[in-house]
Amino acid sequence: MSTVLEAARPAIATPRAAPLIAVRELSKVYPTAKGERVQALSHIALDIAEGEFVSLVGPSGCGKTTVLRILAGLIGDYAGSVAVRGRAHCGPSREVGVVFQDANLMPWRTALANVLLPAEVLRLKGQEARAKELLAMVGLAGFERKLPGELSGGMRQRVAIARALLHDPALLLLDEPFGALDAMTRDTMNVELARIAAASRKTVFLITHSIAEAVFLSDRVLVMSPRPGRIVEEIAIDLPKPRGLDIIADRRFADTVVRIRRLLDGEGTAQLPSIAH
Ligand SMILES: Nc1ncnc2c1ncn2[C@@H]1O[C@H](COP(=O)(O)OP(=O)(O)OP(=O)(O)O)[C@@H](O)[C@H]1O
Ligand SMILES: [Mg+2]
């Protein structure tokens, strides 16, 4: 097992192919209401390749959502650069679809009408057939006319995923999308997300508190330090795909989970802030 000091050495979390997303020297300071400054991110570098599934894990408050919101174009005030296919990324973009922890559906709109929302915002016509196809892809064929209140939590998140894919973004960003679900539903949703990512051939960037979820789904897992967040280790998950839940019993799966757990807990995390960039 590599030590944390060794792990901190690579400056860039590198993919194996040409990057869809390239982040360099990304730092973010939030001004607070009291006039103080919160350094949320410090000199982050990461690449995400086309078609890759990358997860980001780290302690609460380390800046994961901040990274995601910058990639989504929802935060523009930062230092460093974010490029999509080599072009500077600024502001919300059609290249990106986002799913948050709360499905955030409009309760008065049917599942289908919720999925169609981006079409209205982006003034895309004739998207109903695609919206129905996406609902079928996320396992909700026949639920098109249901209201969110008539759907389970897992079903609502499926609608949110279908909605995020409607405008055919290159990159799907997910921030703790299954955090509010019970453990069994979450397992099912993990299998579903793996299938959806493969079927839609999307590049996926997932933030999660579940190390097992990250290892199960990802090609690479990036581990962040406590605030100010930096990426201190990237771990390639060389388990064959497609993966079923039985992989949890695989020794390599368990070893990888333990390795990430140790990085996050104690073994090294106390030293992380002192590691020079
Ligand atoms: N709008 C804001 N104004 C001021 N500080 C903020 C703002 N948003 C986030 N922060 C601070 O920036 C840091 C990183 O926040 P962020 O939400 O990115 O963390 P996180 O890793 O997603 O945490 P969690 O795992 O709890 O969701 C935190 O210390 C937080 O208090
Ligand atoms: Mg967060």
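A residue is buried if 20 or more other C-beta atoms lie within 10 Å of its own, exposed if 12 or fewer, and partly exposed in between, with C-beta atoms placed from the backbone. Keep that scale at hand for this predicted model, where local features need pLDDT of at least 70, side-chain atom pairs count only at pLDDT 80 or more, and totals for chains, interfaces and linings use all residues. Residues are numbered from 1 along each chain as its sequence is written, while chains are lettered from A and ligands numbered from 1 in the order in which they are written.

**Whole chain**

Select the chain. Its secondary structure comes to nine helices and ten strands. Helices (H or I, at least four residues) and strands (E, at least two) are DSSP runs, numbered from the N terminus. Of the 277 residues, 40% are buried. Now take the contacts (C-beta atoms, placed from the backbone, within 7 Å). Among those between residues at least 6 apart in sequence, 71% join residues at least 24 apart.

Two strands pair if DSSP finds at least two bridges between them. Zoom in on strand 1 (residues 19-31). Nine bridges link strand 1 to strand 2 in the antiparallel sense. Pick Leu26: its bridge partner in strand 2 is Ile44.

**Ligand 1**

Select ligand 1 and its shell. The shell holds 13 residues, and the closest are Tyr30, Ser60, Lys64, Thr65 and Thr66. A residue counts here if its C-beta atom, placed from the backbone, lies within 6 Å. Strand 2 (37-49) and helix 2 (64-71) are the elements giving two or more residues to this shell. Helix 2 supplies the largest share, three residues. Colour the shell by type: four residues are nonpolar, seven polar and two charged. Ala, Val, Leu, Ile, Met, Phe, Trp, Tyr, Cys and Pro count as nonpolar, Asp, Glu, Lys and Arg as charged, and the others, Gly among them, as polar.

Move to strand 6 (residues 96-99). Val96 and Val98 point one way, Gly97 and Val99 the other, and all are buried.

Asp168 sits in the loop between helix 6 (153-165) and strand 7. Its phi is near 55°, positive in a residue other than glycine. With 13 other C-beta atoms within 10 Å, Asp168 is partly exposed. Glu176 lies in the loop between strand 7 and helix 7 (183-200). Phi of Glu176 is near 50°, also positive in a residue other than glycine.

**Two cis bonds**

Select Pro228, in the loop between strand 9 (220-224) and strand 10 (231-236). The peptide bond from Arg227 to Pro228 is cis, with omega near 0°. Next, Pro242, in the loop between strand 10 and helix 9. The bond from Lys241 to Pro242 is cis, with omega near -5°.

**Helix 9**

Finish at helix 9. Its buried residues are Thr256, Ile260, Leu263 and Leu264.

How values were computed: Contact = placed C-beta atoms within 7 Å.
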